[in-house]
Amino acid sequence: MAKAVYPGSFDPVTLGHLDIIERTAKMMDHVIIGVLNNNSKSPLFSVEERVNMLKNVTSHLDNVEVQSFGGLLVDFVHQNHADVIVRGLRAITDFEYELQLAQTNRVIAPDVDTIFLTTNLKYSYLSSSIVKEIAGYHGDISGFLPPEIARIVRDKIRSRQ
Ligand code: ADP
């Protein structure tokens, strides 16, 4: 039984993330989306809000679950008896950081491997930060997020201004 953890901040989940989740769910028996509870990044959404948004957009995938985690990623992977970590690669700029992360994790937990999925070309430019920047100026974010998430992001930005 192959079990994967797909970790990230997901602040908020984008169509790029969802594409990686759907492709991973086809390859693996079970996928755990790990939402990082990291206060130092000062996210727009609380970890509970990010978990709920992910649950909402993955409800059609019956082998996907969503959890939050703090601390070391490899500890979270071990606690869930998962085999691999999945990460998405958009561009060469992601590569250096992702390679460092994967190699470090491999040193501290040699039994856990990292696999990379290349982005869907349609979403190769897309990041949660870009979406937040555009939303902050009331730009059109509908092409980047599932419709219900776009609505939540607009409401959040409005409530903050
Ligand atoms: P982190 O804070 O860990 O970078 P993110 O939520 O930004 O978390 O991203 C989680 C994972 O999803 C990372 O592996 C990232 O490279 C990947 N990812 C983000 N956006 C996209 C995208 N548009 N296409 C493919 N993968 C993506």
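Buried means under 20% relative accessible area, exposed over 50%, and partly exposed in between, taken with a 1.4 Å probe and protein chains only. The model is predicted, so local features need pLDDT of at least 70 and side-chain atom pairs count only at pLDDT 80 or more, while totals for chains, interfaces and linings use all residues. Residues are numbered from 1 along each chain as its sequence is written, and side-chain values use heavy atoms, with hydrogens and water left out.

Valine 5 has 0% relative accessibility and counts as buried. Leaving aside residues up to four places away in sequence, valine 5 touches Ile32, Leu73, Phe76, Val77, Ala82, Val84, Ile85 and Val86, where contact means heavy atoms within 4.5 Å. Its C-alpha atom is separated by 10 Å from that of isoleucine 115, 110 residues apart along the chain.

The loop between strand 1 and helix 1 comes next. Most residues other than glycine have a negative phi, and most peptide bonds are trans. Phenylalanine 10, placed in this loop, has a positive phi of about 50 degrees although it is not a glycine. Phenylalanine 10 is buried, at a relative accessible area of 3%. The peptide bond between aspartate 11 and proline 12 is cis, with omega about 5 degrees. Another positive phi, near 55 degrees, belongs to histidine 81, in the loop between helix 3 (73-79) and strand 4. Histidine 81 is exposed, at 65% relative accessibility.

Side chains of opposite charge can pair when their charged atoms come close. A salt bridge here is a side-chain nitrogen of Lys or Arg within 4 Å of a carboxyl oxygen of Asp or Glu, and the count comes to seven salt bridges. One of them joins aspartate 11 and lysine 132, with the closest N and O atoms 2.8 Å apart. This pair links distant parts of the chain, 121 residues apart: aspartate 11 is in the loop between strand 1 (3-8) and helix 1 (15-27), and lysine 132 is in helix 5 (residues 128-136). Aspartate 11 is buried at 4%, whereas lysine 132 is partly exposed at 25%.

A salt bridge also joins glutamate 98 and arginine 87 (2.8 Å, N to O). Glutamate 98 lies in helix 4 and arginine 87 in strand 4 (residues 84-89), so the pair ties together parts eleven residues apart in sequence. Both are buried, glutamate 98 at 6% and arginine 87 at 17%.

Two packed helices are described by the angle between their axes and the distance between the axes. Helix 2 (residues 47-57) and helix 6 (residues 147-160) pack at about 155 degrees, with axes 10 Å apart. Axes are lines fitted to C-alpha atoms, for helices over the stretch in contact, and angles run from 0 to 180 degrees between N-to-C directions. Helix 2 and helix 6 are therefore roughly antiparallel (over 145 degrees; under 35 is roughly parallel, 65 to 115 roughly perpendicular, and the rest oblique). Glu49, Met53, Asn56 and Val57 in helix 2 meet Glu148, Ile149, Ile152 and Lys156 in helix 6.

How values were computed:
Helix = DSSP H or I, 4+ residues; strand = E, 2+ residues; numbered from the N terminus.
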